[in-house]
Amino acid sequence: MEITGFFTAILIGLVIGALGRLVVPGRQRIPFLLTILIGIVAAILGTLVAALLGVDDTAGVDWIELFIQVAFAAIGVSLVAGAYSRRR
């Protein structure tokens, strides 16, 4: 992954976190900034997994990579929301 891909993953992570939160059913009682952080991590992990699968650089929109990133974000939001709610 090149440095531009890393920064793009961070910017996309802002949106990915919100999408991941929308995908998870129910209400998540976690701060929005934590959702953004989860999205950034999910975007980076999704980009790495997409690169390993060879679907990170396709013509047009990388729908498979986006799906992988949103899936990581949804999993992350679910895990963190569960842990965050038990803590309170």
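**Entry 1. Gly 17**

I began with Gly 17, which is buried at a relative accessible area of 0%. I take buried as under 20% relative accessible area, exposed as over 50% and partly exposed as in between, with a 1.4 Å probe and protein chains only. The model is a predicted one: local features require pLDDT of at least 70, side-chain atom pairs count only at pLDDT 80 or more, and totals for chains, interfaces and linings use all residues. Residues are numbered from 1 along each chain as its sequence is written, and side-chain values use heavy atoms, with hydrogens and water left out.

I placed Gly 17 in helix 1 (residues 3-23). Helices (H or I, at least four residues) and strands (E, at least two) are DSSP runs, numbered from the N terminus. I then listed the neighbours of Gly 17, leaving aside residues up to four places away in sequence: it touches Thr 35, Gly 39 and Val 77. Contact here means heavy atoms within 4.5 Å.

**Entry 2. Thr 35**

Is Thr 35 buried or exposed? Its relative accessibility is 0%, so Thr 35 counts as buried. I found a polar contact of 2.8 Å between the side chains of Thr 35 and Arg 21. For this term I require a pair of N or O atoms within 3.5 Å; within protein, one must be able to donate a hydrogen and the other to accept it, and residues adjacent in sequence count only if both atoms are side-chain atoms. Beyond four places in sequence, Thr 35 touches Gly 17, Ala 18, Arg 21 and Ile 30.

**Entry 3. Gln 69**

Gln 69 lies in helix 3 and, at 4% relative accessibility, counts as buried. With residues up to four places away excluded, Gln 69 touches Ile 12, Ile 16, Ala 42, Ala 43, Gly 46 and Thr 47.

**Entry 4. Nonpolar cores**

I looked up which residues make up the largest nonpolar core. The seven are Val 24, Ile 30, Ile 38, Ala 74, Val 77, Ala 81 and Tyr 84. Helix 3 (residues 63-87) gives the most to this core, four residues. A second, separate core has five residues, including Ile 16, Ala 43, Val 70 and Ala 73. A nonpolar core is a set of buried Ala, Val, Leu, Ile, Met, Phe, Trp, Tyr and Cys residues joined through side-chain atoms within 4.5 Å.

I also checked Ile 30, whose contacts beyond four places in sequence are Arg 21, Thr 35, Ile 38, Val 77, Val 80, Ala 81 and Tyr 84.

**Entry 5. Annotation and whole chain**

I consulted the unreviewed UniProt entry, where "transmembrane region" covers residues 6-24, 31-54 and 66-84. Residues 31-54 are 92% helix and 0% strand, with end C-alpha atoms 34 Å apart. Residues 66-84 are 100% helix and 0% strand, and their end C-alpha atoms lie 26 Å apart. UniProt positions follow the numbering used here, feature names are shortened, and annotations may be inferred rather than shown by experiment.

I counted three helices and zero strands in the chain, in the pattern α-α-α. The C-alpha atoms fill a box of roughly 45 × 20 × 20 Å along the principal axes. Of the 88 residues, 36% count as buried. Among contacts between residues at least 6 apart in sequence, 65% join residues at least 24 apart.
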